[in-house]
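Dear colleague,

Please find below the structure that I am handing over to you, followed by a summary of what was found in it. I would be grateful if you read the notes with the structure open.

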Amino acid sequence: MSHSYSDGIDMENQTNDSEFRDTRSLGSVGRRSLSVSETINPQSHIDDNIESEIVAEAGDIGYRALNSNRYSESGRLHLLFDKDVTESGVTVSPLVEDALLQTYGFWSRDPMVSNIVSPVSPLASEIISPPIQQAGDKTKETKKELSWWSLEYVSCLIHLAFFGILGKLFGPGVVGVTSDRSILYLDLPSNMVGSFLMGWLGVVFKSDISRVSDLLAIGLTTGYLGSLTTFSGWNQKMLDLSVKGHWVLSSLGFVIGLSLAAISIIFGVDSAKISKSLLGRRKPTSISGISYSSCTRHMVVMVVLLSMVGLLYGVSVVLEKRKFDSGGSEAELWLACMVAPLGVWIRWSLAPLNGRGLGRARLLKWVPFGTLIANVSACCVMAALATVKKAVNSKSCDTVATGLQFGLMGCLSTVSTFIAEFHAMRESSHIWRAYAYAAFTIVASFSLGTFFYSLPVWTQGYK
């Protein structure tokens, strides 16, 4: 009897230790295991390492969103927060909830899973180690999962291409407020509108959109909003001012541009929260019926979008042939639409670097290196193309270079994702990171742009 009693105590202690280890060993906030009666307190439950990963992944995580719907990379189940969670006794603070809603792939596609919150996370071995299967069954299952992921990957590329082209075609019109010769640069309205919509589609309503489809959420935020806004265009306009000696205006242009974009996403988040509170939150089961996560619906949506991308691309090619010889803005626009998907795909392929840090120690996890590389590299190529236009000085060269600047570089760089990351850092416990990230991105882009554009113009005397 004493031996059995001792074994029972040991088993209970092991269970408690397992729960404690599962609560402490975390990859992201979405993977936390929580007691049902526990109140989530960001200060006591989210350490700096977790917070760094959250803010870096606030804008985009690329293809990692495709295989992070039910399981994290460490093998733990994602914890799904919803209004139903509070009804079960768990209170989620607004800061944690907002941060969680900013992570792609957070919401499971399975409507049954989306209503479940596990009070205690199972051990990693319980999740990672599947039931014993025959080698043939494992091979078939692996091939099935790989084929489904490949289909999802291709479908995501189609979503990005479609919404990327729309971002070039349907941006806010300029009503005479902006100018190439002032700090209110031509792309400012697009950056402000894109930042505002990011507050709606990329923060507040992101979870609702993801319940319908993660691919739709990625297409709208990474595809449309990322292409609607442009960091490289903003940087190039400030270079144009500085090369003419207007250094004060150039500096003010960065300050005003960053301030207006930051205000736009704050206004977008607040207005979206007000609208959501007025409409009332819908439970996951209420929109699960329109989800197109099944294979058949997935295929139908993919074929439809592929047809529309083909149509848009075909129209762009035909109109580009007609307008190329005459040049002008229309020829540049249609060429931009032709190369826009490539820019979106490159940016999306760099996004998995966000939240990864540097080296094995994963230093500087809070820096979104994927977005940083995309924006800085786009600014460099944009500046180089501007130099080529001045050096060649022909109608055909201007059409091709401007089309590549507006389409390829405009879609490779982004303000909406950049400002979403900036906003997340401002809401974190390390506010200084937001301004350090913004300052480094701006200084690096402007400095390299000066090397590739301003120096050749000054030394060669280009006009």
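S445 is buried, with a relative accessible area of 0%. Please bear in mind throughout that this is a predicted model.

S445 lies in helix α19. Apart from neighbours within four places in sequence, its contacts are F231, N235, N375, V376 and C379.

Helix α19 itself covers residues 432-460. With 29 residues, α19 reaches 40 Å from its first C-alpha to its last, close to the 42 Å expected at 1.5 Å a residue. Directly after the helix comes G461, with a positive phi of about 70°.

F451 also belongs to α19. In contrast to the buried S445, F451 counts as exposed, because its relative accessibility is 52% and the cut-off for exposed is over 50%. F451 is one member of a nonpolar surface patch, together with W247, L448, F452, L455 and W458. The accessible area of these residues together is about 580 Å². Helix α19 supplies the largest share of the patch, namely 5 residues.

A further helix, α16, spans residues 369-392. Its 24 residues reach 34 Å from first C-alpha to last, close to the 34 Å expected at 1.5 Å a residue. N393 follows α16 and has a positive phi, near 55°.

Turning to charged side chains, the count of salt bridges is 5. D208, R211 and K276 are linked in a network of such bridges. Within it, R211 pairs with D208, their closest N and O atoms being 3.2 Å apart. These two residues are separated by about one helical turn, because they are 3 residues apart in helix α9 (residues 206-212). D208 also forms a salt bridge with K276, at 2.8 Å from N to O. This second pair links distant parts of the chain, since D208 is in helix α9 and K276 is in helix α12 (residues 247-279), 68 residues apart.

As for burial, R211 has a relative accessible area of 8% and is buried. D208, at 17%, is buried as well, and K276 is likewise buried.

Another salt bridge joins E330 and K323, with the closest N and O atoms 3.4 Å apart. Here E330 is partly exposed, at 41% relative accessibility, and K323 is partly exposed too, with a relative accessible area of 32%.

With kind regards

Note on methods. Residues are numbered from 1 along each chain as its sequence is written. This is a predicted model: local features need pLDDT of at least 70, side-chain atom pairs count only at pLDDT 80 or more; totals for chains, interfaces and linings use all residues. Side-chain values use heavy atoms; hydrogens and water are left out. Patches are made of residues with over 30% relative accessible area and no salt bridge: like charges are joined within 9 Å, nonpolar side chains (Val, Leu, Ile, Met, Phe, Trp, Tyr) within 5 Å. Accessible areas come from the Shrake-Rupley method with a 1.4 Å probe; for residues, only the protein chains shown count as cover. A salt bridge is a side-chain nitrogen of Lys or Arg within 4 Å of a carboxyl oxygen of Asp or Glu. Helices (H or I, at least four residues) and strands (E, at least two) are DSSP runs, numbered from the N terminus. Buried means under 20% relative accessible area, exposed over 50%, partly exposed in between (1.4 Å probe, protein chains only). Contact means heavy atoms within 4.5 Å. The expected span of a helix is 1.5 Å times one less than its number of residues.
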